[in-house]
Structures are given as structure tokens and as C-alpha cells.
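Please look over the points below with the model open beside you. They are arranged by region, and the conventions behind the terms are given where each term comes up.

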Amino acid sequence: MSYRSQVDSSQLSAATATQRRVTPALLALSCIGFVASAGSATAQDAAAEEGQGNRLGGVTVTDTAIDESYNRTDSASPKLMAPLLDTPRSVTVISRELIENRGLVSLTDVLRVTPGVTLGAGEGGTPVGDRAFVRGYEASTDIQIDGLRDVARFSHEIFNLESVELIKGAGGALAGRGSTGGSINLVTKTPKAGDFIAVAGTVGTDETKRLTADINQQLSDSIAVRVNLMGHDADVAGRDVSKVSRWGIAPSIIFGLGGPTRATASYLHLATDDLPDFGLPFNASGSLVTPPKVRRENFYGFANRDFRKTVADVGTLWLEQDLGTQITLRNATRVVRTTNEYILTRPSFTGTNTASVNRDLRSSNRLAKGILNQTDLRGRFNTGGIEHAFIGGVEYSKERIYARTAWTEVAGQPAYPTPLLNPDPYSQFRALQKVPPAVAADPTRFVTKAAFLFDTISLSNQLDINLGLRYDDYKATSSGGATAHSKFWNYQAGVVYKPVEYGSIYASFSTSSNPSGETEGQSGGADGAAGGGVGGGRANLDPERAKSYELGTKWDLFDQQLSLTAAIFRTEKTNARANDPVSGTIQLIGHNRVQGFEISATGNITPAWDIVAGYTYLDAKLIDDAQAPATSNNGNVLKFVAPHSFSIWTTYDVTPDFNLGGGVNYVGRRFVNDDNTLRFNPYARFDLTASYKVSDNLDLRLNIQNLTDKTIFDASHVGLFAVVAPGRSALFSASLRY
């Protein structure tokens with residue numbers, strides 16, 4: 001078989017706040033235009049001198065190496081050594097083409113339309129940022145960028161991504177700590193051979209303005225550079241006051257392109273400046289089981305006070321050396337610095353009074369720093385006619401999370417609630433003061449030392465065995481000095497049988513570990529009712545352990561143009577953290593499990609007809625919370641998890657230049673508290689698209705999202721509020737490629 005080797009003041013005015021949010025994005029738009037123009041001129045001059053490319057109207061057109069298919073037959077993760085057809089676990093790859101055609105602009109957008117994934121909300125202790133639940137278990141700390149663990153918590157953009165990969169099932173061997181339901185891998189854009197420039201602009205309803213540029217230049221036979229830029233500014237569809245504004249730049253360079261010795265350096269700077277909100281108030285001492293029926297547009301925060309600013313700086317250096325034709329040695333070093341500061345208003349009710357809404361301050365100011373280094377050796381060899389595709393390596397990471405000076409309300413001042421039916425976003429609010437953290441100079445610290453080894457063994461053309469293991473020496477120390485030091489192994493094993501070359505049947509087993517401290521300062525969600533921090537008696541606990549079993553089949557039809565998959569699975573924790581009612585301490589005495597099945601189809605039914613479809617059923621249950629029968633939630637559904645989720649997106653080339661498409665995304669009922677007394681009702685969201693190819697260089701596209709303007713609730717935190725998803729929007733995009 002063939003394997004791939006691989007504010008300061010409370011008197012801040014609305015006008016000033018708006019200007020502060022918009023300016024960075026507008027500056028970024030100006031920069032993009034300048035760089036794109038300069039890059040275009042450079043590309044034309046270089047091509048004219050070298051006599052390369054096809055001339056169209058004085059512009060050199062080169063191959064941008066864009067794959068227009070939604071289907072992907074391989075993962076970008078080097079730890080998945082075989083093609084996806086021969087990989088014994090479920091892997092969903094959301095391609096850049098699908099992301100662009102659907103008009104998605106953030107990781108949250110992508111995950112919202114992915115079956116088997118639901119969303120949660122941050123607040124204060126759980127910081128605001130991307131919070132996904134994969135196969136019923138929280139994955140907010142299981143996000144990776146190019147296979148290396150992401151640090152801290154912020155909202156990811158897609159302008160510099162080639163794809164988003166969901167590697168499902170317990171993934172401790174693949175990703176390290178956490179990864180109970182799976183992990184999310186963000187695959188970034190890297191320099192390529194050849195020259196191309198792609199510029200895309202979007203305008204739309206809700207004052208949407210977005211501009212991106214993707215510029216790749218090959219400077220010599222062995223050196224290439226690539227720069228991606230983005231500016232985005234918009235109101236939130238269907239919401240009053242709320243805004244999003246961000247800009248980013250991601251340059252990268254490769255030395256040794258196509259040669260045996262390669263060095264790739266990349267950098268990402270992403271800055272956001274938003275006016276976000278927590279949506280609608282919810283829980284009123286049991287008098288409501290769903291969010292109140294009010295205008296979806298109602299904004300219960302303070303427009304002149306609330307904000308969220310984040311900055312992410314990520315620098316990575318990859319060094320690779322081919323040791324002959326079969327073996328590659330690689331070293332990766334990443335340095336990360338992120339900040340996440342916000343003042344938000346949490347709307348809630350007092351008791352059963354639903355006429356008036358409390359507006360509670362939620363504030364955070366966090367700085368995260370990290371350095372990660374991974375060295376691995378990968379390749380192929382034969383032993384007695386048996387082929388091995390392997391990767392082994394070591395990993396070291398050091399992370400620091402600092403609680404910085406944040407905000408609190410001045411004591412003794414009156415509260416300013418607002419009416420439920422007619423809230424006033426511009427009313428008076430309590431004066432604010434900055435308060436330093438309790439332990440100003442003492443961060444939360446994480447140190448990981450790990451080693452891993454994977455081997456895909458090809459016993460014949462029809463039978464493969466996949467084995468993997470990882471050892472972690474993990475230490476977490478809270479800002480208060482509590483320490484959790486854990487050493488643990490994780491395993492995976494799978495067998496793949498191929499009755500025909502284009503089809504496979506597989507069975508797999510894998511484990512994961514959730515040590516204390518992995519979500520320090522955050523609540524545990526479905527990954528442990530007692531939370532994942534170090535404090536509160538968790539310092540001396542062993543990790544939670546999960547086991548996953550999966551049986552599935554994969555088929556690549558129509559010359560690998562259409563991939564069909566199906567799998568049944570079960571993930572179980574028998575030692576989840578829970579409060580012991582006898583001792584009053586946290587012990588590993590809880591039990592929960594998620595089981596279900598999923599099916600999917602991705603690719604081309606005909607050369608003119610593309611489809612991405614999937615359905616996931618999740619039976620997510622709390623088996624035992626170790627509480628007395630009178631207070632127990634045994635048998636309840638794990639919160640935030642939808643038993644049924646379904647998505648289909650399809651496009652058809654009516655003519656070679658004109659394409660129509662659309663889709664529906666369905667998410668079933670979700671409970672948002674452990675008692676299962678508060679819920680979000682099922683919803684179906686319909687999207688449409690139409691595109692026209694004006695020329696080989698210019699494409700026009702119209703996207704209508706949430707066609708029926710359905711009120712959709714994305715997430716909650718502890719049932720006190722309901723985050724509202726965007727309403728109907730229309731986006732018009734023009735994409736120019738040279």
C-alpha cells in the first residue's frame with residue numbers, strides 16, 4: 001500500500017467606542033489594498049522577465065494550485081500516516097473550498113454547521129472564546145494549529161486556513177491531554193511553488209465589509225514566500241448594537257523548497273475589537289424552560305461600556321531534513337502570546353421576576369504565553385515483506401496564563417436593571433474601577449514532557465494494523481500554588497480490512513486522559529461536573545480516563561471523487577470527577593458515556609454536482625454523579641449536547657460558469673443545565689448560494705445565510721443566559737485571482 005510520509009473610564013462615549021472598534025479593520029483594509037497592488041506588479045514584472053505564464057490583458061496568469069473539490073483523501077496531520085480511507089477512526093475535513101463557498105468567516109461559523117459538534121459559551125471563570133463540544137465532550141482546550149497544541153483561549157479566524165480537521169474519538173495518543181471526544185486541527189496556508197495573487201472582497205447586510213488577500217511568490221528555485229491578510233468589520237445580523245471588528249496578517253517563508261533540507265518560518269498576528277453580548281436572559285427559578293419569547297434584536301448590555309479585545313501572536317519555525325528517500329527528521333518550535341480582555345454584561349432574572357433583567361458585570365483580562373517544541377522522525381521501512389509507516393518523537397511545552405488587572409464595579413452604587421421587553425442599551429451603568437489580580441505576579445503554569453510512537457503495519461494489500469502510544473509527564477500549578485503532577489500513558493489500536501481497493505472496514509480502540517489543571521480557571525462542562533482546575537481538592541487526583549470504541553467503514557467512489565463513511569462508536573468515563581457527598585471532597589467516582597453513530601458523504605456525485613452531507617446521533621448520558629438520590633441527575637442528558645444533528649450542502653454547475661447551491665443545518669434539542677430543566681429547542685437553518693465565473697480571473701458569489709431568519713440559540717454557560725446566533729444576512733463577494 002502507498003502511504004504519505006509526512007474603560008479606563010465609565011464615561012466612554014458610544015461614538016468613541018465605535019471609532020475604536022472600526023479603525024483597526026479599516027487600517028487593515030488599506031494595507032491589504034497596498035500589498036495586493038504591489039504584489040500584482042511584482043508578479044507581472046517577474047513573469048515578463050522570465051517569459052513564464054499566459055498573458056491576459058498585460059497580466060500574467062499562473063496556476064494557483066487550487067483544488068476545487070470538497071473532498072480530501074488525506075489528513076494534514078503527520079501522525080495519521082495512511083490515507084483517510086485506511087485510517088481506523090472518523091476524521092472530518094472541512095476544506096477551504098467549502099468554507100469559502102458557504103461564506104464562513106470564523107471557526108465558530110465552521111463548527112456551527114458541522115454535525116456532531118455543538119457550542120458552549122464562556123463567561124468569566126470560563127473565558128470567552130471558541131468553545132466546542134465534539135461527540136459530547138468539551139474540546140475548547142483540544143484545538144491544535146498544524147498539529148501543535150493551541151495556547152489560551154481566543155476566537156480563531158479562517159483567513160489563513162487551508163482546512164479544519166476534526167479527528168474524532170478519544171485522542172490522547174494523538175493530541176496529549178484532553179481530547180476525550182476528539183480534537184480540532186487548524187491547517188494553515190504555507191508557501192508553494194509558483195506565483196499567484198488572490199484577493200476577495202465582501203459587502204453585505206448589517207454593514208458587513210471584509211477584504212482578504214493571499215499572495216504567494218516564488219523568489220527562486222528554493223525560496224517562496226506567502227502573505228495572507230484580512231480586515232473584517234460588521235454588525236451582528238439580527239442583533240442590536242453588537243459588532244465584530246478584526247484584522248490579521250500571516251506571512252510565511254520557506255527555504256529549500258522541493259529540496260532535502262527545508263526551513264519554514266511563519267507568523268500570525270490577529271487582533272479583534274468587538275462589542276459582543278450574552279444574548280437573552282434565561283433561567284427564572286424554573287418558571288422558564290426555554291429562553292423568553294422577546295425580540296431577538298433585544299440587547300441587554302451597555303453599549304457605552306462593553307467590549308472585547310484580543311490579540312494573538314503566533315510564530316512557528318519548522319526544520320526538516322530528508323534522510324534518504326524514506327525517512328524525514330523534523331523539528332518544530334512555536335512561540336505564542338495572546339491577550340483576552342473584556343467587559344461583558346450577563347443578563348439574568350431574579351427569582352421568578354421575568355419583567356426586569358439584571359445586568360451583571362463579567363470581566364476578564366488574561367495574558368497567555370507559551371513555547372512548544374516537537375521533534376519527530378517519520379518514514380517507511382520493510383521488515384520481512386511487511387511495510388511499516390511510522391512516526392515517533394518527543395515534545396516539550398511550557399505555558400503560562402497570567403490574570404492581569406481587570407475591572408469591577410464600584411461598591412455601593414445602585415444597580416441599573418432594564419425591562420425585558422424594551423431594554424435600553426444606552427442607560428446608566430455603575431462606575432468601574434480597575435482591580436489587580438489576587439496574586440499579581442504568579443501565573444498558572446503548565447509544563448508537559450511527552451514521547452509518542454505510531455506505526456501503521458501493512459500485512460497485505462487488504463489488511464493493516466494501526467498502533468500508537470504516548471507518554472505524558474504533565475504538571476499544572478495554579479496561581480494560588482496548588483500543583484497537579486500526573487504521568488500517564490494513552491494508547492490507540494486499530495485494524496483495517498479492505499475487501500476492495502476503494503473500500504475499507506475498520507475497528508479501533510483509543511484512550512484519553514483529563515488531568516487536573518487542564519482547564520484551570522474554567523468550569524468542567526461535560527468533561528467533568530467538578531471541573532478541571534487544580535484547586536478545590538483536585539491537586540492530588542489522578543487523571544480522568546476515557547475509552548473509545550469505534551467500528552466503521554469508508555468508501556471512495558467515482559475514482560476517489562466521492563467519499564462515503566459510516567461509524568458506530570462509544571466513549572465512556574468511569575472515573576469522572578464528582579463531589580463525594582460523604583467526605584465533601586472531589587473524587588474520581590463519576591460515570592458518563594456518549595455513544596452513537598454517524599454517516600457522511602463528501603465530494604462529487606457528477607463532475608457538475610458537489611455535496612457535503614452528514615448525520616450524527618449522540619446518546620450522551622450521565623450514568624452516575626455520585627450524589628444522593630434526591631439530588632442526583634443520574635440518567636440525564638449531558639448538557640449542551642444535541643442527540644440529532646444533520647447538515648447537507650450541495651452545489652450544481654448549471655452552466656460551466658454559473659453555479660447554484662444551498663443547504664440546511666439541523667440541530668436537535670439541547671439541555672443547558674445538569675438538571676435537564678432548561679433547554680434550547682431544535683432548529684433548522686437554510687442557506688443559499690449562487691456564483692458566476694466572469695472570467696478565468698474573476699468570480700462573483702452571493703450567499704444568503706439563515707434564509708428564514710430563524711431565531712437560533714448557539715450556546716449557554718450555566719443556564720442564566722442564551723447566546724443568540726446571527727439572523728438572516730446576505731453577502732456579496734468578488735474574488736480576483738492572478
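1. Glu 100 is partly exposed, with a relative accessible area of 43%, where buried means under 20% relative accessible area, exposed over 50%, and partly exposed in between (1.4 Å probe, protein chains only). Glu 100 forms a salt bridge with Arg 96, the closest N and O atoms being 3.8 Å apart; a salt bridge is here a side-chain nitrogen of Lys or Arg within 4 Å of a carboxyl oxygen of Asp or Glu. The two residues are four apart in helix α2 (residues 96–102) and are therefore separated by about one helical turn, and Arg 96, at 10% relative accessibility, counts as buried. Helices (H or I, at least four residues) and strands (E, at least two) are DSSP runs, numbered from the N terminus.

2. This is a predicted model, in which local features need pLDDT of at least 70 and side-chain atom pairs count only at pLDDT 80 or more, while totals for chains, interfaces and linings use all residues. Residues are numbered from 1 along each chain as its sequence is written, and side-chain values use heavy atoms, with hydrogens and water left out.

3. Arg 102 forms a salt bridge with Asp 687, with the closest N and O atoms 3.1 Å apart. Because Arg 102 lies in helix α2 and Asp 687 in strand β36 (residues 683–693), the pair ties together parts that are 585 residues apart in sequence; both residues are buried.

4. A network of salt bridges links Arg 72, Arg 96, Glu 97, Glu 100, Glu 162, Lys 189, Lys 192, Asp 214 and Arg 226. Across the whole structure, the search finds 45 salt bridges, among them the one in which the side chains of Lys 693 and Asp 699 meet (3.7 Å, N to O).

5. Glu 399, which is placed in strand β20 (residues 386–403), counts as buried at 5% relative accessibility. The side chain of Glu 399 makes a polar contact with that of Arg 177 (3.4 Å), a polar contact being a pair of N or O atoms within 3.5 Å, of which, within protein, one must be able to donate a hydrogen and the other to accept it, and residues adjacent in sequence count only if both atoms are side-chain atoms. Glu 399 and Arg 445 are 46 residues apart in sequence, yet 5.8 Å apart in space, C-alpha to C-alpha.

6. Five strands form an open sheet of mixed pairing, in the order β3-β9-β10-β7-β8, where two strands pair if DSSP finds at least two bridges between them. β3 (91–95) and β8 (148–149) stand at the edges, each with a single partner strand, so one side of each is left without a neighbour in the sheet.
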